[in-house]
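I opened this notebook to record what I looked up about strand pairing and nonpolar packing. The entries follow the structure below.

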Amino acid sequence: MSENKAMEFGPDDVTAARATLAQARDGEVVSVVLLTDEEVMILDGLEHEQLVPTPWIDAQGTTADRSLMGRVALRSLVSREMVLPAGTDAEGRVTAIKAHPGITGPLVLRRSAQQILSVERTSSTGKDWLFAYVHHEDGRSTVLEEEITGDGHHGFSVYPEALLGERFEKFIDPTGTALLGTAPRTYSAAQLEAAVPTLPQLKEAVAVSIVSGVARGSDKLVNASVYAGPHGVHVVRGTEHDAQGAPVTYSLQETGSRGLRALPSELVPA
């Protein structure tokens with residue numbers, strides 16, 4: 001996992017992050033905060049490249065003034081008392097802020113996870129994303145989840161890692177068509193490319209998800225493609241790779257509920 005610019009966190013940031021994780025309850029998903037693209041951008045710092053998609057901001061085009069969008073978002077956050085001004089310039093513009101711990105905690109956790117898993121789902125309504133930031137501390141594994149809608153809303157929640165597979169299953173298979181698992185079929189890269197237009201379980205899928213996982217300190221990103229639709233749920237994985245890491249053979253396998261729930265641990269083993 002690499003970042004363009006390292007971020008430094010102080011004691012208050014660490015305290016806020018631990019307080020966020022402490023909200024997790026066995027068997028429950030606890031909502032923490034809902035932010036927009038532009039709010040995440042200004043809170044995280046305009047100088048930092050975002051780790052996740054910002055679809056609403058991107059839709060404004062490359063000529064959009066991101067600094068202006070950030071200032072407008074900051075004004076809204078201040079008016080709602082989600083952040084407090086910690087410094088202003090001679091013209092009264094906010095130059096430094098202090099955010100509520102309920103906001104600071106998630107922003108710290110998303111940049112300090114031991115493991116990150118993600119799903120990019122494409123359906124008839126567009127693209128949506130799910131990010132899971134896994135934290136192991138004091139013998140407990142907790143997930144900060146960030147669900148991003150196509151209109152640029154970021155919903156943060158926390159829950160025990162035991163619920164991660166269930167959360168991924170619901171997101172990847174929104175119509176609940178995963179029924180059974182079958183033996184995998186193997187294809188070369190060329191064979192799979194030629195087969196995709198002819199396989200109804202792939203071309204008639206109502207939701208196609210790219211699932212990825214990476215561990216901190218590793219540059220190895222593991223991917224799988226999941227096709228969910230009227231013909232069940234099918235997973236495509238690279239099985240053999242060339243010297244550059246590109247797949248040269250693939251497996252195609254129908255999977256049931258248990259297989260979908262196991263995907264996170266298969267992508268990034270504990």
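This is a predicted model: local features need pLDDT of at least 70, side-chain atom pairs count only at pLDDT 80 or more; totals for chains, interfaces and linings use all residues.

Residues are numbered from 1 along each chain as its sequence is written, and side-chain values use heavy atoms, with hydrogens and water left out.

Helices (H or I, at least four residues) and strands (E, at least two) are DSSP runs, numbered from the N terminus. I took two strands as paired if DSSP finds at least two bridges between them.

I then listed the partners of S7. Strand S6 (residues 140-148) pairs with S7 in the antiparallel sense over seven bridges. S6 and S7 form a hairpin with four residues between them, and Gly152 in the turn has a positive phi of about 85°. Strand S1 (residues 30-36) also pairs with S7 in the antiparallel sense, over six bridges; there Leu35 stands opposite His154.

Next I checked burial, where buried means under 20% relative accessible area (1.4 Å probe, protein chains only). Six of the eight residues of S7 (residues 153-160) are buried.

Of its 30 residues, Leu35, Leu43, Ile103, Phe131 and Tyr133 touch the most other members. H5 gives the largest share, four residues.

Notes:
Buried means under 20% relative accessible area, exposed over 50%, partly exposed in between (1.4 Å probe, protein chains only). A nonpolar core is a set of buried Ala, Val, Leu, Ile, Met, Phe, Trp, Tyr and Cys residues joined through side-chain atoms within 4.5 Å.
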